Amino acid sequence: MLDPKLQPLPKVTHRQLLIRGLRCQCPNCGQAKLFETRLRIHRYCPNCGMRIERSDGYYLGPLCINYGATVFAFVLPTLLLGFFGYIAIKLALAIAFTGALLLPVLLYRFSWSCWLTIYYICLPDELHANRPEDCDDLSFEEEQRTRPKD
Ligand SMILES: [Zn+2]
């Protein structure tokens, strides 16, 4: 019997990527959770073996999503409510400060999942299940991206 990690996976559609992203599951197989602990992401999927954390700078995507959601969806609107007098400015500052500390931690997992979903929706051929059959590696290879399509 073949190793299940070597079995070809069915192609992953955008809809499946969105569902797996909302569930914080591996975008490739959808069988495993992305995180091994509350705040530590798996380097490789424990089910299919796809590399999840790809390189040193890969964390910048989730960081930007997390920062953007915290600032533009919570801190800025709260401060504007205080600035325009809908709530007391001291209360707005306290809520914004507390949110600025708590939201990044609360959104950490979801921002990683959002990043992986956006990444693989934009570059679906880099997902292991969507790769050409002649490609047998599990890590990103630059020549695979630049190889002309037949
Ligand atoms: Zn997987």
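The legends below describe close-up views of a predicted model.

**Figure 1. Overview of the helices in the chain.**
The chain of this predicted model holds five helices and zero strands. Along the sequence the order of elements is α-α-α-α-α. Of the 150 residues in the chain, 19% are buried. Among contacts with a separation of 6 or more, 48% join residues 24 or more positions apart.

**Figure 2. Helix α1 against helix α4.**
Two packed helices are described by the angle between their axes and the distance between the axes. Helix α1 covers residues 14–22 and helix α4 covers residues 108–122; their axes are 9 Å apart and the packing angle is about 170 degrees. Because of that angle, α1 is roughly antiparallel to α4. On the α1 side the contact involves H14, L17, L18 and G21. On the α4 side the residues are S113, C114, L116, T117, Y120 and I121. By type, the residues of this contact are six nonpolar, four polar and no charged.

**Figure 3. Helix α4 and what covers its buried residues.**
The 15 residues of α4 should span 21 Å at 1.5 Å a residue, and the C-alpha atoms at its ends are 21 Å apart, so the two values agree. Which residues of α4 are buried? They are S111, W112, S113, W115, L116 and Y120. The cover over these buried residues includes α1 and α2, the latter spanning residues 60–83.

**Figure 4. The largest nonpolar core.**
In soluble globular proteins, nonpolar side chains tend to be buried together. The largest nonpolar core here has 14 residues. Within this core, C26, C45, C48 and W112 have the most contacts. Helix α4 gives the core its largest share, four residues. W112 is also one of the buried residues of α4. Apart from neighbours within four places in sequence, W112 is in contact with L34, I41 and P62.

**Figure 5. Helix α2 against helix α3.**
Helix α3 covers residues 89–106, and its axis comes within 8 Å of the axis of α2, crossing at roughly 170 degrees. The two helices, α2 and α3, are therefore roughly antiparallel to each other. From α2, the residues in this contact are N66, T70, F74, V75, T78, L79, L81, G82 and F83. They meet I89, L91, A92, L93, I95, A96, G99, A100, L103 and P104 in α3. Divided by type, the contact residues are 14 nonpolar, five polar and no charged.

I65 is a residue of helix α2. I65 counts as partly exposed because 18 C-beta neighbours lie inside 10 Å, while a buried residue needs 20 or more. Leaving out residues up to four places away in sequence, I65 touches S111, C114 and W115. For I65 and W115, the separation is 50 residues in sequence and 7.3 Å in space, C-alpha to C-alpha. W115 is one of the buried residues of α4.

**Figure 6. C24 and Y58 in the loop between α1 and α2.**
C24 lies in the loop between α1 and α2, and the place of Y58 is in the loop between α1 and α2 as well. C24 counts as partly exposed, with 17 C-beta neighbours inside 10 Å. Y58 also has 17 C-beta neighbours inside 10 Å and counts as partly exposed. Most residues other than glycine have a negative phi, and most peptide bonds are trans. The phi of C24 is near 55 degrees, a positive value in a residue other than glycine. Y58 and L116 are 58 residues apart in sequence, and their C-alpha atoms are 9.8 Å apart in space. L116 takes part in the contact of α4 with α1 and is one of the buried residues of α4.

**Figure 7. K11 in the segment before α1.**
K11 is found in the segment before α1. Is K11 buried or exposed? K11 is exposed, because 11 other C-beta atoms lie within 10 Å and a count of 12 or fewer is classed as exposed. Not counting residues up to four places away in sequence, K11 touches A129 and N130. K11 and N28 are 17 residues apart in sequence, with a C-alpha to C-alpha distance of 8.8 Å.

Conventions:
Residues numbered from 1 in each chain as written. Predicted model: local features only at pLDDT ≥ 70, side-chain atom pairs only at ≥ 80, totals over all residues. Axes fitted to C-alpha atoms, helices over the stretch in contact; angles between N-to-C directions. Parallel < 35°, antiparallel > 145°, perpendicular 65-115°, else oblique. Contact = placed C-beta atoms within 7 Å. Nonpolar A, V, L, I, M, F, W, Y, C, P; charged D, E, K, R; others polar. Expected span 1.5 Å × (residues − 1). Core = buried A, V, L, I, M, F, W, Y, C linked by C-beta atoms within 7 Å.
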